Amino acid sequence: MLAELFAVMAPVLTGAGLGYLWIRLGQPYPVEFVTRLVFNIGTPALIIASLANAEIDAGNVGRTMLAAALVITAMAAATPLMARLLGKEWRVVLAPMMYPNTGNMGLPVVLYAFGSAGFAYGITVMVTVSLFQFTVGSVMASRDNPLRTLVRTPTVYAIVISLALLLTDTTLPRWLANSVDLISGFTVPLMLITLGVSLASIQVRSLKSGVGFSLLRIPVAAALAWGIGSLLGLPAMAQGILVLQMSMPVAVFNYLFAQKARREPEYVASLVFCSTLLSLLYLPLLLAWLM
């Protein structure tokens with residue numbers, strides 16, 4: 001079991017470690033360019049490559065998306081109590097509560113823990129979280145019209161295409177499938193490297209607050225995901241992946257949202273950094289239970 005857990009976590013540590021070390025050595029890394037590349041090209045290609053050929057029922061995909069949406073909503077509902085316990089304004093804590101790192105951190109872990117069969121469910125949860133970020137997150141940060149943001153997001157069109165292929169049992173032409181598969185291949189490695197780069201670039205001022213938040217959030221997220229997954233009758237693998245994805249550390253995007261909205265970005269930075277470091281301790285335990 002220990003060897004299996006190490007095999008799952010080693011690629012994550014290696015990829016993020018490379019990004020972290022790269023910045024510490026003073027090397028340049030175009031974060032904005034890579035982020036645009038990953039989310040506008042790599043992620044849509046990854047969604048189509050993973051969902052279009054996945055051997056899962058379209059109904060299970062829909063229920064998994066619904067379950068993820070309900071967990072996110074429940075976490076938002078729990079935010080006022082969490083904020084009171086932490087002595088913070090609820091608006092500061094809301095985004096970190098709602099949006100775990102289901103992309104940069106979650107997808108690689110799901111891929112190496114559950115293989116291609118589970119990866120489709122991991123993508124489904126990540127897509128749902130991303131849709132909430134693009135809409136609710138945009139409103140919270142006062143960045144743009146959420147509808148306009150949604151229309152301009154290639155991920156949305158990738159979801160529609162994938163679901164259409166699933167529902168009609170249609171496969172892509174071989175040349176197109178090979179092209180999409182090739183392009184999707186750079187997505188996960190770049191996600192991990194960018195995660196390491198982001199962690200190296202974040203300035204942390206309060207380790208205690210970050211650890212305290214994580215110790216409160218993770219059990220709540222895992223319990224809600226398990227309960228909602230059971231209530232909706234998700235397949236065992238989908239339920240396990242929902243629990244795993246919603247228990248991921250705080251997403252780096254929350255720090256960017258906090259900067260845009262001017263809502264204690266230094267505090268949110270500590271939540272991102274500390275929760276990511278703590279995940280190296282609790283994720284192996286969670287995986288040992290779920291695998």
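Visitor: What makes H9 count as mostly covered?

Guide: In this predicted model, 11 of the 15 residues of H9 are buried, where buried means under 20% relative accessible area with a 1.4 Å probe and protein chains only. Among the buried residues are Met191, Leu195 and Gly196. Residues are numbered from 1 along each chain as its sequence is written.

Visitor: How do you know that the span of H9 is close to the one expected?

Guide: Helix H9 covers residues 187-201 and reaches 21 Å from its first C-alpha to its last, close to the expected 21 Å. The expected span is 1.5 Å times one less than the number of residues. A helix here is a DSSP run of H or I with at least four residues, numbered from the N terminus.

Visitor: Why is glutamine 27 called partly exposed?

Guide: Glutamine 27 has 35% relative accessibility, so glutamine 27 counts as partly exposed; that class lies between buried and exposed, the latter being over 50%. Glutamine 27 is found in the loop between helix H1 (2-24) and helix H2 (31-51).

Visitor: Why is the pair of tryptophan 226 and tryptophan 289 called tilted?

Guide: The structure holds 1 aromatic pair. Tryptophan 226 and tryptophan 289 are 5.3 Å apart centre to centre, with 40 degrees between the planes. Rings of Phe, Tyr and Trp (its six-membered ring) pair if their centres lie within 6.5 Å; planes under 30 degrees apart are stacked, over 60 edge-to-face and the rest tilted, so this pair is tilted. Tryptophan 226 lies in helix H10 and tryptophan 289 in helix H13, so the pair ties together parts 63 residues apart in sequence.

Visitor: Why does tryptophan 226 count as partly exposed?

Guide: Tryptophan 226 has a relative accessible area of 37%, so tryptophan 226 is partly exposed.

Visitor: How do you know that lysine 88 lies over the face of tyrosine 267?

Guide: Lysine 88 is at 4.4 Å from the ring centre of tyrosine 267. The rule asks for NZ of Lys or CZ of Arg within 6 Å of the ring centre and within 35 degrees of the ring normal.

Technical notes
This is a predicted model: local features need pLDDT of at least 70, side-chain atom pairs count only at pLDDT 80 or more; totals for chains, interfaces and linings use all residues. Side-chain values use heavy atoms; hydrogens and water are left out. Helices (H or I, at least four residues) and strands (E, at least two) are DSSP runs, numbered from the N terminus.
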